[in-house]
Amino acid sequence: MVVANMVEKFGADGFLERSWDLPSDVVGPLRAHVDVTPEGWVVDMWPMTAEIAAIVQPWVDEPIVVGSDTWFVSSGEVAA
């Protein structure tokens, strides 16, 4: 397993609908908006703000709904 930073979209039922892996070069711009470890992993789940959405939208193939309680940026283990 490896760790990846990602955008997560949850449904109204609270279950994960979809996620998108983010490239490592997104970490720099994200540091101003979320906590990031020295290794470059997002700490905790962060609700989507307009500033975060502007950074990650190029890697998400559907429009991000800012201010909803369904879109987040985080990190987690993924299959290698």
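Colleague: How much accessible surface does the protein chain have, and what share of it belongs to carbon and sulfur atoms?

Modeller: This is a predicted model, so every value here is computed from it. The accessible surface of the protein chain is about 4,700 Å², and carbon and sulfur atoms hold 57% of that. Of the 80 residues, 40% count as buried.

Colleague: What confidence does the predictor attach to the chain and to its elements?

Modeller: The idea is a score for each residue, on a scale from 0 to 100. Here the mean pLDDT of the protein chain is 93, and 98% of the residues reach 70 or more.

Colleague: Which elements does the chain hold, and in what order do they run?

Modeller: There are two helices and four strands. Read from the N terminus, the order is β-β-α-β-α-β.

Colleague: How many bridges join each pair of strands, and which residues stand opposite each other?

Modeller: Take the pairs in sheet order. Strand β1 (residues 2–10) and strand β2 (residues 16–21) run antiparallel and are joined by five bridges. In that pair, K9 stands opposite R18 of β2. Eight bridges hold the antiparallel pairing of β1 with β4, where V3 has E77 as its bridge partner. Strand β3 (residues 46–47) is joined to β4 by two bridges, again antiparallel, and P47 stands opposite F72 of β4.

Colleague: And where do the side chains of a strand point?

Modeller: In a regular strand, side chains alternate between the two faces of the sheet.

Colleague: How many aromatic pairs are there, and what geometry do they have?

Modeller: The angle between the planes sets the label: under 30 degrees is stacked, over 60 is edge-to-face. The structure holds two aromatic pairs. F10 and F72 make an edge-to-face pair, with 5.9 Å centre to centre and 80 degrees between the planes. F10 belongs to strand β1 and F72 to strand β4, so this pair ties together parts that are 62 residues apart in sequence. Both F10 and F72 are buried. In the other pair, the ring centres of W20 and W71 are 5.5 Å apart and the planes are at 15 degrees, so the pair is stacked. W20 is in strand β2 and W71 in strand β4, which makes the link one between parts of the chain 51 residues apart.

Colleague: Are W20 and W71 buried or exposed?

Modeller: The cut-off for buried is under 20% relative accessible area. W20 is at 7% relative accessibility and therefore counts as buried. W71, at 2%, counts as buried too.

Colleague: Which residues take a positive phi?

Modeller: As a general point, most residues other than glycine have a negative phi. Two cases can be named here. G14 has a positive phi near 85 degrees and sits in the hairpin of β1 and β2, which has five residues between the strands. D44 is a residue other than glycine, with phi near 70 degrees. D44 lies in the loop between α1 (27–30) and β3, and it is exposed, with a relative accessible area of 57%.

Colleague: Where does V65 lie, and how far is it from S19?

Modeller: V65 is in the loop between α2 and β4. With a relative accessible area of 44%, V65 is partly exposed. The C-alpha atoms of V65 and S19 are separated by 14 Å, while the two residues are 46 apart along the chain.

Conventions:
Residues numbered from 1 in each chain as written. Heavy atoms only, no water. Pairing = 2+ DSSP bridges. Phe/Tyr/Trp six-rings, centres within 6.5 Å; stacked < 30°, edge-to-face > 60°. Buried < 20%, exposed > 50% of the residue type's maximum accessible area, 1.4 Å probe, protein only. Areas by Shrake-Rupley, 256 points an atom, 1.4 Å probe, with all protein chains shown as cover.
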